[in-house]
Amino acid sequence: MIVTHDSYSKLSMLSALRLYRSSPMSKDVSFTLKFFPYQLYPEASKEGEDKYEWYKKTKYNDSQDQMDKYINLMTTYGDQAGIHFDFHGQVANTLDAHRLIQHFQEHLGPDTADKLVNSLYTQYFTQRAHPSASETLLRATDAAGIDSATAEAFVAGEFEGLPETKLLMREQASNGVDSVPYVVVEGKRRDFTLVGAKEVAEYLKTLEAVAKEAS
């Protein structure tokens, strides 16, 4: 399964994959995640700004009514996926988070990358964490079981893996990816492409369809 994402992308796809992995079908057909980077807001500052106020101003023209509707909608989606969104915290540039994910996906494999993404998403969406601050990244590497000295050296070396990450971003743009999440589920008979945030049930239905065609 190929996932082009940003740290701001929705969590429903990962929730669907967890549900699939707990089902009987997963004994016969398994899925491996591979993440590719994409920045929704590449112009965002590294320092960041208040998440709630940024969404209200940028997305909803400072309308409190529209912001309240957004919060109610996302809260409903989150409840369906077992996620308790916190709409406060910071919005900031996510490049360092992508650099981390791509580096350790390349060197330690997909399971490590999956754990990193799960931790980064949980921290950002539910714990008010800055999406790419050093402490956020190091909490993610700890959750992924990465050696602390190795993780600290990589996070401190801000240019390590940066050219490769930027190249992957350009490749995604050249492939026509202009929104996230952009999910390609590779099957035995055909591939399925899902663009934009979907509900958990839709992702799960796609995974089950691919598994049935493979059996």
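Reader: Which residues do ring pairs link into a cluster here?
Author: In this predicted model, ring pairs join Y41, W54, Y55, Y60, Y70, F85, F87, Y121, Y124 and F125 into a cluster.

Reader: And how many aromatic pairs does the count come to?
Author: The count comes to eleven aromatic pairs. One of them is formed by Y41 and W54, whose ring centres lie 4.7 Å apart with the planes at 70 degrees, so this pair is edge-to-face.

Reader: Where do Y41 and W54 sit in the chain?
Author: Y41 is in the loop between β2 (34–37) and β3 (49–50), while W54 belongs to helix α2 (residues 51–60), and the pair, 13 residues apart, links distant parts of the chain.

Reader: Are those two buried or exposed?
Author: Y41 and W54 are both buried.

Reader: OK, what about F104 and F154, how are their rings arranged?
Author: F104 and F154 also make an edge-to-face aromatic pair, with 5.4 Å from centre to centre and 65 degrees between the planes. Because F104 lies in helix α4 (residues 95–108) and F154 in helix α7 (residues 148–156), the pair ties together parts that are 50 residues apart in sequence. F104 has 2% relative accessibility and therefore counts as buried, and F154, at 2% relative accessibility, counts as buried for the corresponding reason.

Reader: Switching to the whole chain, how many helices and strands does it have?
Author: The chain has nine helices and six strands. Its radius of gyration is 17 Å, close to the 17 Å that the globule rule gives for 215 residues, so the chain is as compact as a globular protein of that length.

Reader: What share of the residues is buried?
Author: Buried residues make up 50% of the 215 residues.

Methods
Residues numbered from 1 in each chain as written. Predicted model: local features only at pLDDT ≥ 70, side-chain atom pairs only at ≥ 80, totals over all residues. Heavy atoms only, no water. Helix = DSSP H or I, 4+ residues; strand = E, 2+ residues; numbered from the N terminus. Rg over C-alpha atoms; globule rule 2.2 N^0.38 Å. Buried < 20%, exposed > 50% of the residue type's maximum accessible area, 1.4 Å probe, protein only. Phe/Tyr/Trp six-rings, centres within 6.5 Å; stacked < 30°, edge-to-face > 60°.
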